[in-house]
Every structure is written in structure tokens, then in C-alpha cells.
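Trainee: Could we go through this structure together, one question at a time?
Mentor: Gladly, let us look at it first.

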Amino acid sequence: MKKMSVFSKIYLAVFFSFMYIPIAVMIVFSFNESKSRSVFTGFTLDWYKSLFRNEMILSALGISLVLAFGSAIVATVIGTLASIGINSMRKTTRGIIMNISYMPVINPEIITGVSLMLLFVVAKTAMGGKIFGMSTLLIAHITFNLPYVIFNVTPKLKQMDVKMYEAALDLGCNPRQAFFKVVLPEIMPAVVSSFLICLTYSIDDFIISYFASGTVQTLPIAIYSMTRKKVSPEINALSTIMFVVILSVILLINAKDSQSQKKKKTRA
Amino acid sequence: MISALLALVLTAMLPMVSAAAAETKSDYNYTRFKGAGVTLNVYNWGLYISDGSDGAADVVKDFEELTGIKVNYTTYDTNESMYAKIKSGGADYDVIIPSDYMIGKMAQEGMLAELNFDNIPNYKMIGDQYKGLAYDSDEKYSVPYTWGVVGVVYNTTMVDGEVDSWDILWDAAYSGNVLMFNNSRDAFAIAAKKLGLSLNPSSQKEIDEIAAELKKQKPIVQAYVMDEIFDKMTGGEAALAPYYAGDAITMIEDNPDLAFAIPKEGTNYFVDAMCIPKGSTNKEAAEMFINYMCETEVALANCEFIGYSTPQVEAVKLLPEELANSPIMYPSEEVLENTEVFEVLPEEINTAMDAAWSSMKAHEEGGSGWIIPVLMLIAVAVIILSIWRKNVRKKRDDY
């Protein structure tokens, strides 16, 4: 690797400080004794303690997690299947389908949110009963997650040599076996990364959830509703925990990756 | 003698009662829904109930344990977002806690159910001065939950002399040190009171006048904020800010240099009250919840947690001396005399107010309005350039 110039070093430092200083500040203030967000008065773990007793925040977190995992799993499965279909289409149809799937991504979220809500209201009056809640949230989240899966998996499929699949068939696999033994392992990295993207988008989402949630409350909605009074420092504590968990997951995955790469190298 | 003894016994029992809110004194039958699998959807302001932090009572949990009713407790940030959610039909709630003018609006539009006060006997413990106000003059739809006034929070180390008028928020001496409400209704109310007008404007002319006053104030305003006020004021980043009395108490606790004044021109007097939206499927259980919220111990716990004044007269008696006699929490009769409640405004007035508010916010003294077209032109130029380059490259590749 070439040695970095002073300018590049400064640029890198500024870049990373913009990204991470806010998080550092938040972590520091999650240990702040007073509720203030500007003056640090002393160290305490009280916000962590009260976080685990605050049922409203915890249940909102629970709902967000269930929703994220549920929608990510479903979206990944449907999206992967869709990509396989799209990949074997003719060029013009493929172009059309890809462009249609782009729409929800380019569309402002608020439009997706409002239109989904209108749809659900119509469905509610048509079928009667209470449909708003977890079910509508799930549908909404799967909907906005789907395109991301398609855009992640399709290029990977394109990269893959079709002849590998054909060879598997030649060597005696039936199509199902060929898919699970050859195609799926080949596109697995893209599938996993789109699953993770779905997870983050779903936990993140405020606008669409807001319109589709009914009487259920996800974590971003719970945090947003605190703004008349003052966002509780328990949220800092919760965000810190989430940040640490995500960071350690990433580190673990990277460590495992580099380990297996080393193994490959030594084998070669 | 006997009464003195009784008082002694009662005061000795008090800590026990508040420790276990389940042992409520009244003979109200709270257990009649036990085992029926009832779920109540309660929609309240964020952080607007005693939630068990800092050793306070966890009101929702206590209610669930006492009655066996499950409470799905969710929160909102403004009256308008709550209204939009219910109006759109996107959610069915059983108990909501809007502010005065929103109750009036929802009642007018037939969105609220009439309460059956036989199920809310604790209504009698709500002070008479909080009942039958303009937004619900026939006492049909609402049970007051909290109330308060708007005033000026100021930093005594940064502000000279006595604060007694809204004029100080327009004082150029504090340029860059003044915060202002970031919602049209509250901001208009302050400017209207400064001008000696009603905070319920009745004509386009009045709205224009008020908006002009706000425009005049804009150059000295540091920022239009809501909850950021807490940090900015306690951190000493600003000298003056209008806000709700109950929150002022919280700020003063964090920073003793702060003080609160109710301007002499009069101010807004607000009430947040509990209502049941039409279409609630558990109306009786919802009324039980409202009644529970009016239990003395519960009202006391909520009042102490939120910091806003409670309309429940028995709870006021149990408040610590310094709170019960605080001129911020419980202002004198003369001060209250000079206040006004928000009323429902006709649709066209509301629209005009919103329009005036956004044009005021968008208005720039320096005239930097040219920036947006220039930015758009640059964006278009960049797009054209990139398309052109792509074409050139494509042509080159074709060779």
C-alpha cells in the first residue's frame, strides 16, 4: 500500500470524526447523571437500570425487533426467488421489471406510507374488523424491503456462470438440488447482505411505519413522540447498547471472514 | 380530638397507600373486567404519565394488575398528528388525551363519544374551575388531566431586571438569545397577546397583524424550537424562551439561575383532558381507566412525574408545600383571570394561520432566495454534463 499524504490523512480524520463523534457524544451522555444533554454532571448507570424497567420502551424495542427479523426473512426469501425469475427473463421484460422495482426506492417514503395506509383503510372497510397493527406493519416493511433484495441478488446471479447450473443438471441433480447445492451457495453472500440491509432499514424506518402502525408502536415512533417533553436519556442508553451489539456482530463476522480467507490461502 | 386522631392515622397510612396503588380507597369496582381479556388502546403525549422511572409509581402497570385489563400504551408528539391518525381511520383507540382546542374540534366533527359519568365517579374530585370550559361547555366529552399556563422562562444571570411583559421577547438587546415556539398556534398566541388581541384570531386582518409582529421578531430569534428549549435554557445557551409552566419547573430544578414569569398582557391557559373516541369497543373499560387516572394517589403520582398542574383537588392538597403554593404551578386568581383558552378556529382561519406561519418561517431578511434557483441550475448542469460525457464515451467505445 502506498503511504498516505498528509492531506489524505486529514481528510480521513475529518470524515470519520463527522461519522463517529455524534455517537461518541451520545454514549458519553448515556452515563450522565442529570437529564441534561449539554452539561455532564457525573457518572451513573441509572439510565441503563431504568431502561430495563421501562416497559413502554422495551415493548417498542421488542416490536421493532420482531418486525425487523420477520420482514427481513420474508423479504429475503421472496426477493431471492424474484431475482432468479428476473434473471432468466428476456432483456426487455427484465428492464421493465427492474425499473418498476426501482419506483418504491426512488419514491419519497411519505408517498409509500400514505398510499399503503389508504390501501389498508380501504381493506379495513371492505373486510371489517381490526387489521391495523402488526400485520399491516409486516406487509409494509416487506414491501419496502423487497427492492433492496432484488437489487442486491440480481447482479450476483448475473455474475454467476449459467453453465454451472447446467453442469449440475448434467451430473444428475434435479433442478431443486441444483438450486440448493450450486446456485444458492454461489449467491449466498448477496442474500446475507440483503438480509442485513433489510434488517437495518426495517429497524430504522419511521415514516412508513407511522402510517401503517395502527395502535402498535415501534421504537422510532416511541422516541419521536417524546419530543414535546424531552427525549429521555434512557434512549441514549438503549442506542449505546444497540451500537455496541452491532459493532461486535460486525467485528465477529469480519474476524471469521479473515480467518476463513487465511485458511483458503494456506490450502492453496 | 377524634378527628385529630383520625388525621394522624390517615397520615400514617398515606405512604402505604401510595406504595400500593392497588389499595385504592374508593369502593369502585375495578375488578369487573378481570379475566375478560380486554385490551385498552391508550394514546397519550410522550412522557406524559408516571412510568415507574426514578422510583415513581408505574401507573399503567398498576392499573393492569388491579383490573386485569391489558393496556396497549402508545404515545404521540402533537395534537395534530394524533388527530390525523384517528381521522384517517388508521387506528382505533379507546382513550386519548388531547388539548383543549383539539377536543373542541374533534367534538365538533363527531369524533368523540359521550362519556357515561356513572362510570367515572372520581369526576367529582376535579375542581369546578376546570369543568365546562369553552371546548366542552356541556361537560359531555372530557375529563381534565393536566393544566397549565404559558409564560417566559428566563436566565436571571443574562436578563436584567424584572420580566413582566411579552415585549421582552422582541427586545433587540437580547438579539440571538431568544427562543420561540416552533408551532403556529403557540407562537401566534404570544404575538397576539403582545398586541392585545385575542389568541383566537377571528379575521384575516388579525392574522396578518400577528404574522407581521412575528416577522418583526424573527431577526432576534436564535431558533424556533420545542423540546430543545430544555437543553438550551438549562445550558445557558439562550436567555429567554416562552414555554409551558410545568416544564419550566423541571428546567428550574436543573438550573437554579432560571426563573419563570407570566406576562401582564395575559397568556394562554391550557387543559389536556381525557376523552374516548367514537368507535371505541371497550367504552366501559376506557371509562374505568379514566376514573383510575383521577384517583388521588394516581393523579398525585402523575402530577409529580410530569410536572404539570393537576386539576384533581384532593391531589393538590397532598402536594409538597413548595409545589402547591408555587406561583408557577398554581398561579393566583388574578393571574388566571387574565388568561384565555384556545378555541376551535374556523377552517379558513386555521388555513390562513398555517399559511402565514410558513411564509413567516420561509421569509429571509437578507434575501437569500436566489440560492435555490442557482442550486437547481447547477444540478441541471451537472446532469447534462454527465449525460454528455456518457454519450461521448459511448461513441468512443463504439469505434
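Mentor: Domain bounds here come from an automatic or database domain assignment. This is a predicted model, in which local features need pLDDT of at least 70, side-chain atom pairs count only at pLDDT 80 or more, and totals for chains, interfaces and linings use all residues. Residues are numbered from 1 along each chain as its sequence is written, and chains are lettered from A and ligands numbered from 1 in the order in which they are written.

Trainee: How far apart do the C-alpha centres of domain 1 and domain 2 of chain B lie?
Mentor: The assignment gives chain B a domain 1 of 2-146 + 270-339 and a domain 2 of 148-268 + 346-362. Between their C-alpha centres the separation is 28 Å.

Trainee: How many charged residues are on the side of domain 1 of chain B that touches domain 2 of chain B?
Mentor: Contact requires C-beta atoms, placed from the backbone, within 7 Å. The domain contact takes twelve residues from domain 1 of chain B and 13 residues from domain 2 of chain B. For classes, Ala, Val, Leu, Ile, Met, Phe, Trp, Tyr, Cys and Pro count as nonpolar, Asp, Glu, Lys and Arg as charged, and the others, Gly among them, as polar. On the domain 1 side there are seven nonpolar and five polar residues, and the number of charged ones is: no charged residues.

Trainee: Which element supplies the largest share of the side of chain B that touches chain A?
Mentor: That contact takes 27 residues from chain B and 30 residues from chain A. Helices (H or I, at least four residues) and strands (E, at least two) are DSSP runs, numbered from the N terminus. Strand S1 (39-45), strand S2 (70-76) and helix H7 (228-234) of chain B each supply at least two residues. The largest share, five residues, comes from S2(B).

Trainee: Is Ile57(A) buried or exposed?
Mentor: Ile57(A) lies in helix H3 (residues 55-87) of chain A. Leaving aside neighbours within four places in sequence, Ile57(A) is in contact with Leu51(A), Ala222(A), Glu234(A) and Leu238(A). A residue is buried if 20 or more other C-beta atoms, placed from the backbone, lie within 10 Å of its own, exposed if 12 or fewer, and partly exposed in between. Ile57(A) has 24 other C-beta atoms within 10 Å, so Ile57(A) is buried.

Trainee: What separates the C-alpha atoms of Ile57(A) and Leu238(A)?
Mentor: Along the chain, Ile57(A) and Leu238(A) are 181 residues apart.

Conventions
Two residues are in contact if their C-beta atoms, placed from the backbone, lie within 7 Å.
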